[in-house]
Amino acid sequence: MKIRVGHLYPDYLNIYADRGNIAVFARRAALRGHELEVTPISLADEVEPERHDLLYVGGGQDREQALIAPDLVAKGPGIEAAVAGGAALLAVCGGYQLLGRGYLGRHGDSMPGIGLFPHETVAGERRMIGDVLLECELEPGERRTLAGFENHAGRTRLDAGAVPLGRVLAGFGNDGESGFEGVRVGRAIGTYLHGPLLPRNPWLADWLLSQALAHATGGEPEPLAPLLDRLEAQAHAVSAQRARDRGGRF
Ligand code: GLN
């Protein structure tokens, strides 16, 4: 199959090697005989909701976020239509913040969001920096850990009843207080985790790929053939241990 990925603002939102997540999607898809077709979607490009099985947006500093925020709002209906139509989505940090209702940045800039995710973000005084470990249960009864690195001033408050991506085992998470990290809306996932996220958490890459394939085929998500993942497991273990030893705390 061809998996059609729309990569939002690759030229503006890409810190901590967030672009590496795309390399993981491409490689893991290829090892199962699928082809990833990646289309950059930047300022002035349109989002055609039918054209994407998976949308991806990375993180950025407040400055880059402010540059793209108004353009992203114009793309909001297209992105919402894609997700409502069953496309998968992964948003990291700065992108995660702007897919909520908005982000009030460190220097007082009020950036509008698109409201796909049920949350709001306000920057605090101290940055929340460090390794993070989460426990997630995207499929009932299947608990998995997710390890990464966070560096954000924004405190993200989920609306009552919103579904977080996971529970924080070590680190700060959405706001350093709630014990939640990220958000999930159907096949759309938002998270603060960089590093990049997917090389050390291949199960999440595969979960997103199987959702994207379900969109491409019009069928149900199917588990993908397992891969060896020895280095990935080691990377996860090192990262998880770092989070347990010195996960983000002030
Ligand atoms: N600029 C945002 C913040 O500081 C997002 C940072 C990021 O993407 N790492 O909260």
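## Exercise 1: charged pairs on the surface and inside

Arg106 is partly exposed, with a relative accessible area of 35%, where buried means under 20% relative accessible area, exposed over 50% and partly exposed in between, taken with a 1.4 Å probe on protein chains only. This is a predicted model, in which local features need pLDDT of at least 70 and side-chain atom pairs count only at pLDDT 80 or more, while totals for chains, interfaces and linings use all residues. Residues are numbered from 1 along each chain as its sequence is written, and side-chain values use heavy atoms, with hydrogens and water left out.

Task: find which side chain meets Arg106 in a salt bridge, and then examine the salt bridges of Asp175 and Asp206.

Step 1. A salt bridge is a side-chain nitrogen of Lys or Arg within 4 Å of a carboxyl oxygen of Asp or Glu, and the structure holds 18 of them.

Step 2. The partner of Arg106 is Glu125, at 3.7 Å from N to O. Because Glu125 lies in strand β7 and Arg106 in the loop between β5 (102–104) and β6 (110–112), the pair ties together parts that are 19 residues apart in sequence; helices (H or I, at least four residues) and strands (E, at least two) are DSSP runs, numbered from the N terminus. Glu125 is exposed, with a relative accessible area of 66%.

Step 3. Asp175 and Arg157 meet through their side chains at 3.0 Å, N to O. This pair links distant parts of the chain, with Asp175 in the loop between β9 (166–170) and β10 (180–181) and Arg157 in strand β8, 18 residues apart. Asp175 counts as buried at 7% relative accessibility, whereas Arg157 is partly exposed at 40%.

Step 4. Asp206 forms a salt bridge with Arg32, and their closest N and O atoms are 2.8 Å apart. Asp206 lies in helix α4 and Arg32 in the loop between α1 (20–30) and β2 (35–41), so the pair ties together parts that are 174 residues apart in sequence. Asp206 is buried, with a relative accessible area of 15%, and Arg32 is buried with a value of 15%.

## Exercise 2: the pockets

Task: describe the volume of the largest pocket and its lining by class, then do so for the second largest pocket.

Step 1. On a 1 Å grid over the protein atoms alone, a pocket is an open set of points where a 1.4 Å probe fits, with protein on both sides within 12 Å along at least five of seven lines, and lining residues have an atom within 4 Å of a point. A volume is the space filled by probe spheres set on the points, which are joined across faces, edges and corners.

Step 2. The largest pocket has a volume of about 380 Å³. Its lining numbers 19 residues, and Glu142, Arg144, Trp203, Asp206 and Trp207 lie nearest its centre. The elements that give two or more residues to this lining are β7 (119–139), β8 (142–158) and α4 (202–217), and α4 supplies the largest share, six residues.

Step 3. By class, the lining of the largest pocket has nine nonpolar, two polar and eight charged residues. Here Ala, Val, Leu, Ile, Met, Phe, Trp, Tyr, Cys and Pro count as nonpolar, Asp, Glu, Lys and Arg as charged, and the others, Gly among them, as polar.

Step 4. The second largest pocket holds about 220 Å³ of space. It is lined by 16 residues, of which Gly60, Gln61, Asp62, Arg127 and Asn151 are the closest to its centre. Two or more residues of this lining come from each of α2 (62–84) and β8, and β8 gives the most, with four residues. The lining divides into five nonpolar, eight polar and three charged residues.

## Exercise 3: the cysteines

Task: explain why Cys136 is too far from the closest cysteine sulfur for a bond.

Step 1. A disulfide is a pair of cysteine sulfur atoms within 2.5 Å, and a search of the whole structure finds zero disulfides.

Step 2. The closest cysteine sulfur to that of Cys136 is in Cys93, 16 Å away, and therefore too far for a bond. Cys136 counts as buried at 1% relative accessibility, and Cys93 is buried at 5%.
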